[in-house]
Amino acid sequence: MKKSSILLCLFCFIFIASCIENQFQNATVNLASGYQLYEKNCSNCHQTDGSGLAKLYPPLLNADYIKNNPTAIDSIIKYGQKGSIIVNGIEYNIPMPGVKNLSDFEIKQIASYVLIKFNKLDSLLIQ
Ligand code: HEC
């Protein structure tokens, strides 16, 4: 094999490897699809900016509840949540139904979006 074709092969290999790695990173945290899924499944109640609605729907934006329970969000999305809770000093007590028809992957995308965009908890997601 000529030296130039060995170099070409090496270049292709590095190029393909870096594409695979990029795809993997995008699959882990994809804020654009997190945003779309959030809009579709959560913003009716929690609002697009995550600020919640009066005393009915608690905020997800800068929410002490999320900061104190950052790993609970996946199961809240999947199974819902009921009973009295206090978020940023205000009591909420309306049951949230679990959001059906979401894959675990989609739940991760939404959870990442809420943790990063609304609560700046990026460090929790870098594994
Ligand atoms: C039908 C309205 C509704 C929808 C849709 C909804 N929620 Fe909720 N959510 C609520 C209510 C009401 C509570 C408070 C439950 C309680 O009082 O125990 C809540 C509580 C929460 C909490 C814990 C409290 C807080 O503010 O941190 C999180 C996190 C949360 N929701 C995330 C989500 C996410 C993410 C989605 C979309 C996948 C979603 N919710 C969809 C109504 C809703």
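Figure 1. The structure holds zero disulfides, a disulfide being a pair of cysteine sulfur atoms within 2.5 Å. A disulfide is a covalent bond between the sulfur atoms of two cysteines. C42 counts as buried, at 11% relative accessibility, whereas C45 is partly exposed, with a relative accessible area of 29%. Buried denotes under 20% relative accessible area, exposed over 50%, and partly exposed the range in between (1.4 Å probe, protein chains only). This is a predicted model, in which local features need pLDDT of at least 70 and side-chain atom pairs count only at pLDDT 80 or more, while totals for chains, interfaces and linings use all residues. Residues are numbered from 1 along each chain as its sequence is written, and side-chain values use heavy atoms, with hydrogens and water left out.

Figure 2. Helix α3 spans residues 43-46 and includes S43; helices (H or I, at least four residues) and strands (E, at least two) are DSSP runs numbered from the N terminus. S43 is buried, with a relative accessible area of 10%. Its side chain reaches the backbone oxygen of E39 at 2.7 Å. Leaving aside residues up to four places away in sequence, S43 touches Y38 and T48, where contact means heavy atoms within 4.5 Å.

**Figure 3. V99 in the loop between β4 and α6.** V99 is placed in the loop that lies between β4 (96-97) and α6 (104-118). Residues up to four places away in sequence not being counted, V99 touches N41, I77 and K78.

Key:
Polar contact = N/O pair within 3.5 Å; in protein donor to acceptor, adjacent residues only side chain to side chain.
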